[in-house]
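Please open the structure in your viewer and keep the selection tool at hand.

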Amino acid sequence: MLFRSYEAKVRLAIQEPLANAILEFFISEMDNTNAICVSMSVLEKIFKMTRQTISKHINILEEKNFIQTYKVGNMNAYAINAYLVFTQGEANLWKAKFHATMYVDYDEQTPKIKAQYAKQIKTK
């Protein structure tokens, strides 16, 4: 099945604006990979929505083949459809899921980590 990324992305933006916003967040934070690890509590904080609302829209992204979700302990790794974002050439497409950006929140860290970085990190 050919993934028509542009057309599908436009439909997503029109029909499911919150799902599109979540996808855009994933894409903007994933650096040079096509995946990001982020906890549900961080997503709740960023989007100011309930866990159930965010989960519903992540499920929409999965159903429409924009992402795949992998469990990593108590976090999820969200792999973005490589045809949508991978820019390293079609011959290297099979490598697309080998890296992930870890997006962590200061409030989720241990007291030791917080103490170590408290002077460097400013939270909102």
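**A guided tour of strands and helices**

Begin with Ala35, whose bridge partner in strand S3 is Ala79. The model before you is a predicted one. Now extend the selection to strand S1, residues 35–38, and to S3, residues 75–80. These two strands pair in the antiparallel sense, over four bridges.

Keep S1 selected and inspect its two sides. Ala35 and Cys37 lie on one side, while Ile36 and Val38 lie on the other.

Next, select helix H2, residues 17–29, together with helix H4, residues 51–63. Their axes come within 9 Å and cross at roughly 80 degrees. Angles of 65 to 115 degrees count as roughly perpendicular, and H2 and H4 are therefore described as roughly perpendicular to each other. To view the contact, display Leu18, Ala19, Ile22, Leu23 and Phe26 in H2, and Thr53, Ile54, His57, Ile58, Ile60 and Leu61 in H4. By class, this contact of H2 with H4 has nine nonpolar and two polar residues, with no charged ones.

Which residues of H2 meet H3? They are Leu18, Ala21, Ile22, Phe25 and Phe26, and they meet Leu43, Ile46 and Phe47 in H3. The contact of H2 with H3 comprises eight nonpolar residues, no polar and no charged ones.

Methods
Residues numbered from 1 in each chain as written. Predicted model: local features only at pLDDT ≥ 70, side-chain atom pairs only at ≥ 80, totals over all residues. Heavy atoms only, no water. Axes fitted to C-alpha atoms, helices over the stretch in contact; angles between N-to-C directions. Parallel < 35°, antiparallel > 145°, perpendicular 65-115°, else oblique. Contact = heavy atoms within 4.5 Å. Nonpolar A, V, L, I, M, F, W, Y, C, P; charged D, E, K, R; others polar. Buried < 20%, exposed > 50% of the residue type's maximum accessible area, 1.4 Å probe, protein only. Pairing = 2+ DSSP bridges.
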